[in-house]
Amino acid sequence: MKEKAEDEISLFTHHTKMLVLSPSSTLEEILNHYIENCNEIIKKMSEFQERDSGWTLIEIKHLEININKYTCLRGSQYINLPPKIRNKKACINVQNNDVYCFKWAIISALNPLPKEKKPHKCSNYKVTDIKAHIITLENNIILNFENMEFPLTINKIRVFELQNPDISINVFGLEDAKIIGPYYFTEAEKSTHINLLLIEEDDKFHYIWIKNISRLLRSSITKNKNRIHFCNTCLTHVSSSSRLEKHKRECKKMVTTMPSDKDKILKFKNFKHKLDRFTFKNVFN
């Protein structure tokens with residue numbers, strides 16, 4: 001870049017976010033991320049020139065692409081829930097002793113058992129072969145687990161959704177007994193939606209079905225003890241099922257994170273740094 005007054009040349013760098021590529025990534029997703037990164041670089045260059053820096057772009061000297069191995073989270077054997085979460089009685093945690101906790105979580109959600117039938121026991125679901133690619137439940141629901149390797153990584157959940165088009169999934173995490181995430185967020189809520197919890201212990205991960213997400217999250221969102229209703233597409237919560245139905249018709253399918261009461265007001269203190277005006281110029285003509 002070149003400064004007009006002194007004819008000085010110097011180098012500046014701009015960075016973009018990393019993109020996670022997996023076998024389940026589609027060509028359209030990859031191209032969209034590529035275009036977003038290109039637009040981000042152009043925007044940063046333009047903003048740099050427009051903020052009275054006095055610099056003008058001459059040429060792009062160097063382009064660097066960094067490639068790193070990405071180790072995705074994958075669920076495996078049974079892990080007990082922390083007491084604070086377990087006592088909310090909002091999850092069904094199947095006690096599997098194999099690597100198929102994702103399957104057991106899905107099965108427990110689609111073939112729910114009453115409390116007296118001990119839904120945390122694998123044997124009560126009467127699955128003849130948990131290793132099978134196609135599993136038919138007692139209620140005649142057929143699940144397709146083809147092209148999936150277990151323990152299942154989060155990025156493979158998209159494959160499951162594509163092979164089971166009537167099912168959508170969100171996956172949340174747990175940190176210090178608080179719900180975080182989502183780790184995985186479905187593109188569109190389907191006729192059957194399942195919320196899962198992925199917990200960690202000693203470098204092991206475990207999928208659990210969230211039977212009642214309102215009961216699980218309510219205390220961290222509001223002090224009101226009444227039930228709240230969640231939109232599975234944008235995670236907005238409302239106070240009644242009728243309001244939820246109205247919201248779904250108008251939902252923009254965007255996840256919104258609202259600031260806390262402490263951080264909801266923006267303040268500017270350093271008035272000495274305030275500029276009287278800004279000068280904008282088009283350096284690409």
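How many disulfides does a search of the whole structure find? The search finds zero, where a disulfide means a pair of cysteine sulfur atoms within 2.5 Å.

Hello everyone, and a word on the ground rules. This is a predicted model, in which local features need pLDDT of at least 70 and side-chain atom pairs count only at pLDDT 80 or more, while totals for chains, interfaces and linings use all residues. Residues are numbered from 1 along each chain as its sequence is written, and side-chain values use heavy atoms, with hydrogens and water left out.

Let's start with the overall picture. The chain has six helices and twelve strands; these are DSSP runs numbered from the N terminus, helices being H or I with at least four residues and strands being E with at least two. Of its 285 residues, 35% count as buried, and buried means under 20% relative accessible area, exposed over 50%, and partly exposed in between, using a 1.4 Å probe and protein chains only.

Now to a sheet. Five strands form an open sheet in the order β4-β10-β9-β7-β8, with mixed pairing; two strands pair if DSSP finds at least two bridges between them. At the edges sit β4 (91-92) and β8 (178-184), each pairing on one side only. β4 meets β10, residues 204-210, in the antiparallel sense over two bridges. Packed on this sheet is helix α3, residues 101-110, which touches β4, β7 (167-175), β9 (192-201) and β10. Touching here is contact, meaning heavy atoms within 4.5 Å. The direction of α3 makes about 5 degrees with that of β10; axes are lines fitted to C-alpha atoms, for helices over the stretch in contact, and angles run from 0 to 180 degrees between N-to-C directions.

Let me pick out C91. Its bridge partner in β10 is I210, and C91 is buried, with a relative accessible area of 14%. C122 is buried too, at 18%.

Next comes helix α5, residues 213-221, where I213, S214, L216 and L217 are buried. Seen down the axis of α5, these buried residues fall within an arc of 160 degrees, so they line one face of the helix; the arc is that of the directions from the helix axis to the C-beta atoms.

Finally, N39 in helix α1, residues 27-50. Is N39 buried or partly exposed? At 45% relative accessibility, N39 counts as partly exposed.
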